[in-house]
Amino acid sequence: MIIPVRCFTCGKVVGSAYPEYVKRVGMGEDPKKVLDDLGFERYCCRRMIVSHADLIGEIAPLG
Amino acid sequence: MDIEIIEMAERRGKFILKNSSPAMANALRRTMLSDIPKMAIDKVEFHLGPIMVDDKEYESVTPLFDEIIAHRLGMVPVPTDYELFTYQDKCVCGGEGCPSCTIMYSLNKIGPCTVYSGDMIPLGNAELKVKDEFIPIVELTDGQAVLIYATAVMGTVKKHVKWQAAFGVGYKYLPIITIDANKANDSDVLRVIKLCPRHVFEEKGGKIVVKNSTDCSLCMSCVAPSNGAITINSDDKNFFFTFETDGSLTAKQLLDKATEILSSEASELLSQVEAL
Ligand SMILES: [Zn+2]
Ligand SMILES: [Zn+2]
């Protein structure tokens, strides 16, 4: 739906990193390197970003 | 409490707790996780009904339920200054809410746009603007708008996780790595450099040496292949801590507050025991 504000497991803020992650990976960067750059060490936070399906744009007109 | 700082960045820290005990290390960890007070948004008021902007009428409708938006706003880290704020129920205002116990934010946006945490405007002190500006809160399409007033108050994580300032707090016994000097240049022992998952060892002048012993996770995968040349022990008096903060406090402020709370709780316990 929309990226959660924080990691479900540890509580690190992940929301602010998601727009940048999508932009950089879209420009062809390696996702692993981008996640390391953004400071996500634990796999709980990395899965929040990697496994997110951003569907809010499709729901928005139906609001 | 004897603490040696290894790294202290704005939002993450590493330190060694020296000459202590496992009970003390765990007490410090739990204090950092659950006793640090911080500000978080606790009350959110939504404007319902049409919102007029520049003679155009917008509907106060969003793709997410109001409850979800309120929850998302609550999770946003809010800057905390212990000099400026106190708990609402212990405040001079008597719990009514005043500038020394609450922060008011207004959030007013019209679609089409993405509403970010940075769009929240603090009423009064502009330094209380949220530091993480690009947390998406909700997305709006044409004709949709939000007009929100949110109030942040001080609390601790015992009531809700949104008041948790520290996370990823962990410690390990400080590793003690000893290498038998007579066997340090054996080819079998040098092979261990590649086996260590944390890259603790390196080769210097044909001999194996320890590069960074604090990186060791005590996994012991180097012990058996080295045929007794390497031994790993853990020191139960010194503890290697790592922690992060969500940005509402700096790492240094958080550690200072944790040690302050821990020592005041210990002295309170002592005075209660003496009163028995
Ligand atoms: Zn996490
Ligand atoms: Zn007050």
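**Backbone exceptions and nonpolar cores**

With 13 C-beta neighbours inside 10 Å, Asn227(B) counts as partly exposed; a residue is buried if 20 or more other C-beta atoms, placed from the backbone, lie within 10 Å of its own, exposed if 12 or fewer, and partly exposed in between. The model is predicted, so that local features need pLDDT of at least 70 and side-chain atom pairs count only at pLDDT 80 or more, whereas totals for chains, interfaces and linings use all residues. Residues are numbered from 1 along each chain as its sequence is written, and chains are lettered from A and ligands numbered from 1 in the order in which they are written.

Asn227(B) lies in the loop between strand 13 (207-210) and strand 14 (230-245) of chain B, helices (H or I, at least four residues) and strands (E, at least two) being DSSP runs numbered from the N terminus. The phi of Asn227(B) is positive, near 55 degrees. Asn19(B) also has a positive phi, near 45 degrees, and counts as exposed, with 9 C-beta neighbours inside 10 Å. Most residues other than glycine have a negative phi, and most peptide bonds are trans. A cis peptide bond, with omega about -5 degrees, joins Gly111(B) and Pro112(B).

The largest nonpolar core has 46 residues, and Val14(A) and Val76(B) are among those with the most contacts inside it. Such a core is a set of buried Ala, Val, Leu, Ile, Met, Phe, Trp, Tyr and Cys residues joined through C-beta atoms within 7 Å. Strand 10 of chain B gives the most to this core, with seven residues. Apart from it lies another core, of 19 residues, including Ala25(B) and Leu255(B).
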